[in-house]
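Thanks for coming. I will walk through one model this morning, going from the overall build down to single residues. Please keep the sequence and the structure open while I talk.

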Amino acid sequence: MAAAVLCSAVPAFAQGCALCYTQAASASARFIHALRSGILVLVFPPLLISAGLATAAYRKRDRFRASDAQSERSADSRAGDTHQAELQNTNVEI
Amino acid sequence: MSGQSSKGQTTTAQTHTGFLRTYLFSLDHKTIGKQYFLLSLCAVLVGVVFSWLMRIHLAWPSLSIPGLGWLSSTGAPQGVISPEYYLALMTMHGTLMVFFVLTLAPLAAFGNYFLPIQIGAEEMAFPRLNLLSFWITFLAFVVLISSLFVTGGSPISGWTAYPPLSAVGAIAGPGEGAGQTLWIVSIAIFCVASLLGSINFIATTLDLRCEGMTLMRMPMTVWAWFITSCMTLVAFSVLLPACWLLILDRIAGTSFFVPAGLVISDQLQPHSGGSPLLWQHLFWFFGHPEVYIAILPAMGIVSHVLIASMRRPMLSHKAIIYSMIAIGFLSYVLWGHHMFVSGMNPYSALVFSLPTLVITIPSTIITLIWIGSLYGSKLRITSASLFALGFISVFVSGGVSGFLLAQPSLDTYLHATYFVVGHFHLIMGVAAIFGIFAGTYFWFPKMTGRMMNEPLGKLHFWLTFVGSYCIFMPFYYLGLAGNVRRDSQFVSAAMQSLMPVHKFITIAALSTGAAQLVFLYNLAYSWRRGKSASSNPWDATSLEWSIPSPPAAVSFEGGAVIVSRDPYQYGMEGAHDFLGQREKAVADRATPAFATVKPAYAHPSYASISKTGMWVFIAASIMTFAALTSALLVRRGSAQDWQIFRLPLLLYFDTALLVCSSVILELARRSFPRFDPSNTRQARMAKVFLSITLLFGALFLGGQAAAWLQLRSQGLAFSDGPSSSFFYLLLEGQGAHVLVGLIAVAWVLDKLYRSQLRKPSLDTFSLYWHFTTTLWLYVLAILLITI
């Protein structure tokens with residue numbers, strides 16, 4: 001079906017913004033190439049960001065607030081760094 | 001209010017008294033959620049009145065509407081709406097409904113109130129940012145409404161603000177002067193608020209979940225809010241720079257969107273070859289995901305409400321979640337379908353057509369799961385469940401027409417007709433509003449401690465449901481008959497034959513709008529005098545139903561929340577057919593109970609949430625600069641006015657300064673774990689490192705200013721050409737990041753001098769500063785390649 005759709009591509013110039021049409025219809029190959037590059041530049045960052053967010057969510061899938069705090073407290077106590085432990089339990093107000 | 005953290009610190013949502021801190025500037029996410037809800041309610045009331053005025057004018061063009069002449073003596077002399085005023089009403093209606101209703105109510109209002117509670121958190125990750133976000137949104141609303149009262153009135157360029165109409169100023173018509181400028185400023189402000197909100201939602205979901213709340217145990221509403229926040233982050237990060245460019249075209253004489261040789265009112269416009277298509281490209285990158293930003297939270301709400309009403313889980317919890325993720329992901333690769341008729345390369349249209357069709361698959365999966373789950377269930381018919389069912393109905397009715405519009409050949413005919421109006425109103429507007437109503441009837445008892453009147457709710461549903469179909473289904477007929485949209489009057493004989501349909505739609509719109517008075521009365525009456533609600537009036541399972549109605553100021557009253565099961569455990573044997581997420585199963589009741597264990601509320605790790613927040617902010621910045629880069633590439637290829645010039649050598653010296661500052665800051669950061677405030681030598685070293693970072697950063701900014709002045713002295717001004725415009729713009733954008741970084745260094749140094757600096761603060765700041773340095777290297781590379 002995809003192949004059939006690909007083979008049936010036809011120019012889609014019709015109504016819509018006359019100025020856009022005029023500009024696009026008279027555009028050079030350079031502009032069409034530029035528009036394609038512009039589209040590619042906007043396609044990839046969201047994919048990377050989505051991948052980053054998915055990775056972050058996956059890594060934190062079983063990490064909870066309480067156990068997180070507890071593990072940090074235990075890590076602090078292991079290090080014997082009371083200063084850090086006190087700092088990390090300070091309230092967050094951003 | 002008195003939440004105590006494990007170390008005795010109070011949580012943020014407490015101890016503030018007085019009217020201002022309780023109702024206006026509260027840090028409590030529940031209060032902020034209610035504020036968003038009321039703001040949306042104001043916006044929808046204004047938006048509906050505007051739609052009434054438009055419909056009355058379409059049906060009876062010469063009718064004088066009492067009082068309208070007072071609102072706009074030029075736009076509606078003697079109360080008769082002029083064509084330009086019709087366009088202004090259309091613009092304001094679209095803007096209010098899309099931004100201030102559909103974006104705010106299902107996500108910001110319900111999300112703020114219920115997301116933290118449903119994941120067992122006492123607060124949002126950044127409460128102050130949350131408060132700031134609401135008030136920035138309110139400012140955006142005020143700025144938008146103020147455009148009604150300036151000379152010329154509101155803009156006439158539609159909610160899409162297509163240039164060149166929106167870019168050339170007052171000469172383009174009434175409303176295109178100050179009104180259009182206020183519109184763009186309002187949207188830019190709204191973008192900032194939405195970005196702050198999305199940072200908060202993402203960090204809260206990732207880092208503040210209570211013990212036992214794995215990702216797959218989150219209710220569907222939380223998933224929907226989380227995915228929508230990710231989409232908001234990316235979409236609004238692109239709209240924001242697009243608004244900057246549009247403002248610059250209007251006030252600074254740049255030529256990003258306005259083509260050369262444009263003559264308006266016999267005057268040649270002084271612009272030099274911009275591309276209107278560039279705005280479409282940037283705007284629809286935001287605009288199409290915006291459709292899903294409006295509908296996904298409603299999908300989550302509807303799923304949540306239906307499960308509680310069906311008394312059984314959906315056929316597949318995971319399939320719905322994965323489908324919502326797929327919708328969020330795919331929504332970023334199909335914005336080009338809004339430009340099918342713009343004349344872009346037909347093969348590009350094809351590339352966008354395929355994902356447009358593919359995105360219907362996850363939507364269809366979700367719909368089939370809803371219907372399959374409903375089949376054979378013992379559905380409790382409540383106002384909330386009726387609106388959830390209504391959502392499915394209008395979602396399908398609106399969605400089916402999307403299949404047709406996804407075909408470029410059909411879209412060519414239907415694009416500018418009422419067919420599209422019917423499609424997007426049903427799938428984006430009415431469906432999302434049904435989701436908002438479902439959420440309101442469902443959560444009202446939790447939010448106020450009182451029940452809404454059910455008979456009135458059901459009456460409201462039926463009037464709205466039937467009315468919506470009477471309004472929007474005839475739009476399909478009008479579109480197929482070739483009725484062009486956006487026209488304020490239909491004077492041709494062919495269109496005159498369609499006037500009875502328009503009159504029918506207008507009467508239906510007035511009636512359906514009036515039916516909302518039933519809802520408003522129910523809302524206001526029940527808020528004050530409704531029947532008292534128990535903590536769990538719907539016998540539901542998620543965490544919000546495990547606390548009193550309304551919740552205390554500290555939702556879980558300072559106790560730890562431990563979740564032991566999935567969110568939707570229905571169909572159990574025994575006195576109750578459900579198990580709450582905090583309850584223990586009958587078989588487990590001999591063992592120590594989860595519910596009876598109530599250790600103190602464990603405050604989240606500052607390191608984790610601040611770092612998550614910073615990474616999300618960095619993602620937003622990356623998208624903003626990607627949008628600027630994309631605009632630069634398109635603009636560079638659109639005309640022959642691209643001017644090549646030599647970059648000042650000073651920029652290379654600046655680069656060295658910034659890279660050195662990053663290295664020195666990293667030295668300070670790495671030495672910090674060993675830092676002992678009592679050790680004066682180490683303290684002095686850290687202060688020296690940070691001071692050098694501050695100095696180098698300031699020198700960098702000075703260098704940028706000098707480079708700017710050097711180019712200015714050579715006669716290269718901001719608006720001289722697209723290359724210089726982009727040069728200055730990229731420098732300004734990156735410079736703003738450095739400026740914020742310098743303020744942050746000063747803050748870090750101040751903390752260090754007062755021996756209060758925390759390692760997580762330094763880590764987070766370092767992350768930001770290194771990003772700023774990387775950003776500069778990227779900007780320099782782009783400038784070297786293109787200029």
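**Overall build**

Chain B has 23 helices and 4 strands in its secondary structure; helices (H or I, at least four residues) and strands (E, at least two) are DSSP runs, numbered from the N terminus. The radius of gyration of chain B is 28 Å, close to the 28 Å that the globule rule gives for 787 residues, so chain B is as compact as a globular protein of that length. That radius is taken over C-alpha atoms, and the globule rule is 2.2 Å times the number of residues to the power 0.38.

Before going further, the ground rules. This is a predicted model, in which local features need pLDDT of at least 70 and side-chain atom pairs count only at pLDDT 80 or more, while totals for chains, interfaces and linings use all residues. Residues are numbered from 1 along each chain as its sequence is written, and chains are lettered from A and ligands numbered from 1 in the order in which they are written.

Back to chain B. Along the principal axes, its C-alpha atoms fill a box of roughly 80 × 75 × 50 Å. Of the 787 residues in chain B, 55% are buried. Buried here means that 20 or more other C-beta atoms lie within 10 Å of the residue's own; exposed means 12 or fewer, partly exposed is in between, and C-beta atoms are placed from the backbone. Among contacts in chain B with a separation of 6 or more, 80% are between residues 24 or more positions apart. Two residues are in contact if their C-beta atoms, placed from the backbone, lie within 7 Å.

Chain A has 94 residues, of which 27% count as buried. Its secondary structure comes to 5 helices and 0 strands.

**Domains and core**

How is chain B divided? There is domain 1, residues 27-529, and domain 2, residues 642-786, with bounds that come from an automatic or database domain assignment. The C-alpha centres of the two domains of chain B lie 39 Å apart. Contact between them involves 5 residues of domain 1 of chain B and 5 residues of domain 2 of chain B. On the domain 1 side, the touching residues are 1 nonpolar, 4 polar and no charged.

The largest nonpolar core has 234 residues. A nonpolar core is a set of buried Ala, Val, Leu, Ile, Met, Phe, Trp, Tyr and Cys residues joined through C-beta atoms within 7 Å. Those with the most contacts inside the core include I295(B), F387(B) and A431(B). Leaving aside neighbours within four places in sequence, I295(B) is in contact with I427(B), M428(B), A431(B) and A432(B).

**Helix 5 and the glycine after it**

Where is the kink in helix 5 of chain B centred? Helix 5, residues 104-118, has a kink of about 55 degrees centred on G111(B). The bend at a residue is the angle between axes fitted to the seven residues ending there and the seven starting there. In helix 5 of chain B, 15 of the 15 residues are buried, so the helix is largely enclosed by the rest of the structure.

After helix 5 of chain B comes G120(B), with a positive phi near 80 degrees. G120(B) is in the loop between helix 5 and helix 6 of chain B. Is G120(B) buried or exposed? G120(B) has 26 other C-beta atoms within 10 Å and is buried. Leaving aside neighbours within four places in sequence, its contacts include R209(B), C210(B), L543(B) and F556(B).

**Backbone details**

Two peptide bonds are worth a look. The bond from P163(B) to P164(B) is cis, with omega near 10 degrees, and P164(B) sits in the loop between helix 6 (127-146) and helix 7 (178-207) of chain B. The bond from S549(B) to P550(B) is cis too, with omega near -10 degrees.

P550(B) belongs to the loop between helix 18 (499-529) and strand 3 (569-570) of chain B. D539(B) is in the loop between helix 18 and strand 3 as well. D539(B) is not a glycine, but its phi is positive, about 50 degrees. With 15 other C-beta atoms within 10 Å, D539(B) is partly exposed.

Technical notes
Ala, Val, Leu, Ile, Met, Phe, Trp, Tyr, Cys and Pro count as nonpolar, Asp, Glu, Lys and Arg as charged, and the others, Gly among them, as polar.
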